[in-house]
Every structure is written in C-alpha cells, then in structure tokens.
Amino acid sequence: MQKCSVFIITNVRNPNATQISMENDIAERKIFSISPDGEKKFLKIAIGQPYQVDDVSWACPLIVEGLHKKLKDAVGIDSWQALGLAIALVRQLLGYYVEDGAELYWKEGGEKVSLDDLFPQLESF
C-alpha cells in the first residue's frame, strides 16, 4: 500500500481571508449541536471545489462553521486526494468535538446524528 503525505496550508487564493466563505461550495450540511458546556448552536459543514495550486498539488477548501473560524485548505497530489482529505478532516474535527462530550442532531429538537450517519461507509463484500 502506498503511503501519502497530508499537508494543510493556508487558503492559496486568499491567504489573508478572515471570513468563512467559499466561492464554489460543492456540498454543505447544517446540523444542530449541544457543546460539552451546554451551548446550543448550529454548525455548517461544507466542502468547496478543489483547485490546482501548482504543477504538483491541488487544494480543497472546507468549513466547519460554528467550531472553527478559519481552516486551512486540504492539499493533495491531485483533486481526488485533496477532496478526500478535506472530507476526512471535517469528520475528524467533528469527531474530536463529539469525543469532548458534544452531541449532534439533524435539527434543533430532532434526532441525534452520529458521525457514521454524516459520513457513511459502504460495507465490505
């Protein structure tokens, strides 16, 4: 199995960006959460369109609004890897939040949602 390196860098298109925004969201979801200290808030998770950084790397923007003000774009060797790394990073950040005691819900007052619900995996054959 080939190993790959994971690099996270500043938004290449606008390294001084302070607002949470992406020009080309390709997927987003809003969920409700209760933090470990009881704070109730909505979270927006989103993935942007991968873009080529240079001859040997691509980057993919991501947002976890409500938890992080500014995240660095995930970078890979091609658009496929950059996209996969961005999705994996969103899952990992939400996973840390849940491990710390947060609860996630589909909507306020709705059913609980698990990381497996948000990031489904196909079963092996």
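**Note on the sheet, its helix and the salt bridges**

1. Asp-25 and Lys-44 join their side chains in a salt bridge, 3.8 Å from N to O. The term stands for a side-chain nitrogen of Lys or Arg within 4 Å of a carboxyl oxygen of Asp or Glu. Asp-25 sits in strand β2 and Lys-44 in strand β3, so the pair ties together parts that are 19 residues apart in sequence.

2. A word on the basis. This is a predicted model, in which local features need pLDDT of at least 70 and side-chain atom pairs count only at pLDDT 80 or more, while totals for chains, interfaces and linings use all residues. Residues are numbered from 1 along each chain as its sequence is written, and side-chain values use heavy atoms, with hydrogens and water left out.

3. How exposed are Asp-25 and Lys-44? Asp-25 is partly exposed, at 31% relative accessible area. Lys-44 is buried, at 18%. Buried means under 20% relative accessible area, exposed over 50%, and partly exposed in between (1.4 Å probe, protein chains only).

4. Now the sheet. Four strands form an open sheet in the order β6-β3-β2-β8, with antiparallel pairing. The edge strands, β6 (62–65) and β8 (103–105), each pair on one side only. From one strand to the next, the twist averages 25°. Strands (E, at least two residues) and helices (H or I, at least four) are DSSP runs, numbered from the N terminus. Two strands pair if DSSP finds at least two bridges between them.

5. Strands β2 (residues 25–34) and β3 (residues 40–48) are antiparallel partners over nine bridges. Glu-28 has Ala-46 in β3 as its bridge partner. Salt bridges with shared partners also join Glu-28 into one network with Asp-25 and Lys-44.

6. Helix α1 (residues 79–99) lies across β2, β3, β6 and β8, and runs at about 165° to β3. Contact means heavy atoms within 4.5 Å. Axes are lines fitted to C-alpha atoms, for helices over the stretch in contact, and angles run from 0 to 180 degrees between N-to-C directions.

7. The salt-bridge count comes to four. One of them links Asp-116 and Arg-91, with the closest N and O atoms 3.4 Å apart. Asp-116 belongs to helix α2 (residues 115–118) and Arg-91 to helix α1, so this pair ties together parts 25 residues apart in sequence. Asp-116 is exposed, at 52%, whereas Arg-91 is partly exposed, at 27%.

8. Lys-112 and Glu-103 also meet through their side chains in a salt bridge, 3.5 Å from N to O. Glu-103 is partly exposed, at 30% relative accessibility.
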